[in-house]
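Morning, everyone. I have one structure to walk through today.

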Amino acid sequence: QVQLVESGGGLVQAGDPLRLSCAISKRTFSIYAMGWFRQAPGKEREFVAAISWNGVSTRYAASVKGRFTISEDHAKNTVSLQMNSLKPEDTAVYYCAALRYYTDNVVDYWGQGTQVTVSS
């Protein structure tokens with residue numbers, strides 16, 4: 001069983017940065033690609049970013065490309081999402097996810113989510 005625990009959410013102002021982290025159970029970390037998704041009130045959950053299992057490849061949603069950066073630290077068994085130039089429309093619950101494959105958005109495991117609120 002993969003366990004994912006997010007942290008780092010909070011309330012920030014537009015233009016501020018924020019960094020989310022996801023702690024991953026060690027024994028499965030090297031198997032899955034990892035990703036971040038988000039869900040705003042009244043909207044469907046959407047893809048934000050993904051990183052391949054070896055950390056070589058990344059991909060992003062068009063709405064965050066150039067502002068968000070996904071990274072991983074194998075030594076700490078964490079995946080992070082650095083979010084810069086935040087906008088009010090980035091307000092959502094952000095979820096860490098273990099992906100079945102790097103190239104698609106099929107999720108095998110979800111974290112519990114962390115709230116990010118961006119005020120204008």
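Start at Phe 37. Phe 37 is buried, with a relative accessible area of 6%. Keep in mind this is a predicted model. Now, which ring pairs with Phe 37? The ring of Phe 47 does. The two centres are 5.7 Å apart and the planes sit at 75°, so this pair is edge-to-face. Phe 37 belongs to strand E4 and Phe 47 to strand E5, so the pair ties together parts ten residues apart in sequence. Phe 47 is also buried, at 16% relative accessible area.

Next pair. Tyr 95 and Trp 110 have ring centres 6.1 Å apart and planes at 80°, so they too are edge-to-face. Tyr 95 lies in strand E9 and Trp 110 in strand E10, so here the parts tied together are 15 residues apart in sequence. Buried or partly exposed? Tyr 95 is buried, at 13%. Trp 110 is partly exposed, at 38%. In total, the structure holds three aromatic pairs. Ring pairs link Phe 37, Phe 47, Tyr 95 and Trp 110 into a cluster.

On to the core. The largest nonpolar core has 35 residues. Which of them have the most contacts inside it? Met 34, Trp 36, Leu 81, Met 83 and Tyr 94. Seven strands show up here, each with at least two core residues: E3, E4, E5, E7, E8, E9 and E11. E9 gives the largest share, six residues. As background, nonpolar side chains in soluble globular proteins tend to be buried together.

Take Tyr 94 as an example. Leaving aside residues up to four places away in sequence, its contacts include Leu 20, Trp 36, Phe 37, Val 48, Phe 68, Leu 81, Met 83 and Val 116.

Now the disulfide. A search of the whole structure finds one. Cys 22 and Cys 96 form it, with sulfur atoms 2.1 Å apart. It links distant parts of the chain: Cys 22 is in strand E3, Cys 96 is in strand E9, and they are 74 residues apart. The torsion about the S-S bond is about -80°, so the disulfide is left-handed. Cys 22 is buried, at 0% relative accessible area. Cys 96 counts as buried as well, at 0%.

Look at strand E7 next. Its side chains alternate. Phe 68, Ile 70 and Glu 72 point to one face and are buried. How do E7 and E8 pair, parallel or antiparallel? Antiparallel, over six bridges. Glu 72 stands opposite Val 79 in E8. The two strands form a hairpin with four residues between them. In that turn, Asn 77 has a positive phi of about 55°.

Last stop, Arg 100. Arg 100 is in the loop between E9 and E10. At 45% relative accessible area, Arg 100 is partly exposed. Which residues does Arg 100 touch, beyond those up to four places away in sequence? Tyr 32, Val 106 and Asp 108. With Asp 108 there is a side-chain polar contact of 2.8 Å. For scale, Arg 100 and Ala 62 are 38 residues apart in sequence and 22 Å apart in space, C-alpha to C-alpha.

That's the tour. Over to you for discussion.

Terms used:
Residues are numbered from 1 along each chain as its sequence is written. This is a predicted model: local features need pLDDT of at least 70, side-chain atom pairs count only at pLDDT 80 or more; totals for chains, interfaces and linings use all residues. Side-chain values use heavy atoms; hydrogens and water are left out. A nonpolar core is a set of buried Ala, Val, Leu, Ile, Met, Phe, Trp, Tyr and Cys residues joined through side-chain atoms within 4.5 Å. Buried means under 20% relative accessible area, exposed over 50%, partly exposed in between (1.4 Å probe, protein chains only). Contact means heavy atoms within 4.5 Å. A polar contact is a pair of N or O atoms within 3.5 Å; within protein, one must be able to donate a hydrogen and the other to accept it, and residues adjacent in sequence count only if both atoms are side-chain atoms. A disulfide is a pair of cysteine sulfur atoms within 2.5 Å. Two strands pair if DSSP finds at least two bridges between them. Rings of Phe, Tyr and Trp (its six-membered ring) pair if their centres lie within 6.5 Å; planes under 30 degrees apart count as stacked, over 60 as edge-to-face and the rest as tilted.
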